[in-house]
Amino acid sequence: MFNLFGQKKSLDEFKFKENEKTACFVCEHVLNKTRPILFVSHDLEDSSWQFLCGKDDHSEQSAKIISLKEATELDPSINELYEMPIGVGVERKDIKSKWIPFRL
């Protein structure tokens, strides 16, 4: 989606420019694999990554912190977002749908 240089890499290969140990946010549904990642944001304020299920039933207690590498292991398809700029989010209807970008 954001592959600006035409590089082809396997989805299983960690492609983000950030360190694999970079902390990112996930909801408990994603961490427990009860729901897929359907919403991703690369926040403008602190450039943090969020990988969420896209549902509205989240509380502060449902937020978990894992490494960026762990997030790609939970769902290798997020590797296609490795060039997503800061201040952008994406969402999709289901795991087979294309990511739809939007500005945060």
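This report describes the fold, the nonpolar core, the aromatic pairs and the charged residues of a predicted model.

## Overall architecture

The predicted protein has two helices and six strands, and from the N terminus on its elements run in the order β-α-β-β-β-α-β-β. Of the 104 residues in the protein, 39% are buried. Contacts between residues 24 or more positions apart account for 66% of the contacts with a separation of 6 or more.

## The nonpolar core

The largest nonpolar core has 22 residues, and those with the most contacts inside it are Val40, Trp49 and Phe51. Two or more residues of this core come from each of β1 (23–27), β3 (49–52), α2 and β5.

Tryptophan 49 can be followed through its contacts beyond four places in sequence, which include Phe16, Cys24, Phe25, Val40, Leu68, Leu81 and Met84. Its contacts also take in residues such as Glu18, Ser41 and His42.

## Aromatic pairs

A search of the whole structure finds four aromatic pairs. In one of them, the rings of phenylalanine 14 and phenylalanine 16 have their centres 5.8 Å apart and their planes at 45°, so this pair is tilted. Both phenylalanine 14 and phenylalanine 16 are buried. Ring pairs also join Phe14, Phe16, Trp49 and Phe51 into a cluster, and two members of that cluster, Trp49 and Phe51, are named among the residues with the most contacts inside the largest nonpolar core.

Another tilted pair is formed by phenylalanine 39 and phenylalanine 102, with 5.8 Å from centre to centre and 35° between the planes. This pair links distant parts of the chain, since phenylalanine 39 belongs to strand β2 (residues 39–42) and phenylalanine 102 to strand β6, 63 residues apart. Phenylalanine 39 counts as partly exposed at 21% relative accessibility, and phenylalanine 102 is likewise partly exposed, with a relative accessible area of 27%.

## The salt bridge

A search of the whole structure finds one salt bridge, in which the side chains of arginine 92 and aspartate 75 meet at 2.8 Å, N to O. Arginine 92 lies in the loop between β5 (88–91) and β6 (100–103), while aspartate 75 lies in the loop between α2 (68–74) and β5, so the pair ties together parts that are 17 residues apart in sequence. Arginine 92 counts as buried at 7% relative accessibility, and aspartate 75 is buried as well, with a relative accessible area of 13%.

## A buried aspartate without a salt bridge

Aspartate 43, placed in the loop between β2 and β3, is buried yet has no salt bridge, and the nearest side chain of opposite charge, that of arginine 103, is 13 Å away. The side chain of aspartate 43 does take part in a polar contact of 3.1 Å with the side chain of serine 41. Leaving aside neighbours within four places in sequence, aspartate 43 is in contact with Ser48, Gln50, Ile86, Gly87 and Leu104.

## Other charged residues

Lysine 64 is found in strand β4 (residues 63–67) and is partly exposed, with a relative accessible area of 29%. The C-alpha atoms of lysine 64 and phenylalanine 25 are separated by 5.7 Å, although these residues are 39 residues apart along the chain. When residues up to four places away in sequence are not counted, lysine 64 touches Cys24, Phe25, Val26, Glu28 and Leu31. A polar atom of the lysine 64 side chain also lies 3.0 Å from the backbone oxygen of glutamine 61.

Glutamate 13 lies in the segment before β1 and counts as partly exposed at 38% relative accessibility. The C-alpha atoms of glutamate 13 and proline 76, 63 residues apart along the chain, are separated by 8.0 Å. Lysine 96, in the loop between β5 and β6, counts as exposed at 80% relative accessibility, and 9.8 Å separates the C-alpha atom of lysine 96 from that of serine 77, 19 residues apart along the chain.

Terms used. Residues are numbered from 1 along each chain as its sequence is written. This is a predicted model: local features need pLDDT of at least 70, side-chain atom pairs count only at pLDDT 80 or more; totals for chains, interfaces and linings use all residues. Side-chain values use heavy atoms; hydrogens and water are left out. A salt bridge is a side-chain nitrogen of Lys or Arg within 4 Å of a carboxyl oxygen of Asp or Glu. Helices (H or I, at least four residues) and strands (E, at least two) are DSSP runs, numbered from the N terminus. Buried means under 20% relative accessible area, exposed over 50%, partly exposed in between (1.4 Å probe, protein chains only). A nonpolar core is a set of buried Ala, Val, Leu, Ile, Met, Phe, Trp, Tyr and Cys residues joined through side-chain atoms within 4.5 Å. Contact means heavy atoms within 4.5 Å. Rings of Phe, Tyr and Trp (its six-membered ring) pair if their centres lie within 6.5 Å; planes under 30 degrees apart count as stacked, over 60 as edge-to-face and the rest as tilted. Lys and Arg count as positive and Asp and Glu as negative; His and the chain ends are not counted. A polar contact is a pair of N or O atoms within 3.5 Å; within protein, one must be able to donate a hydrogen and the other to accept it, and residues adjacent in sequence count only if both atoms are side-chain atoms.
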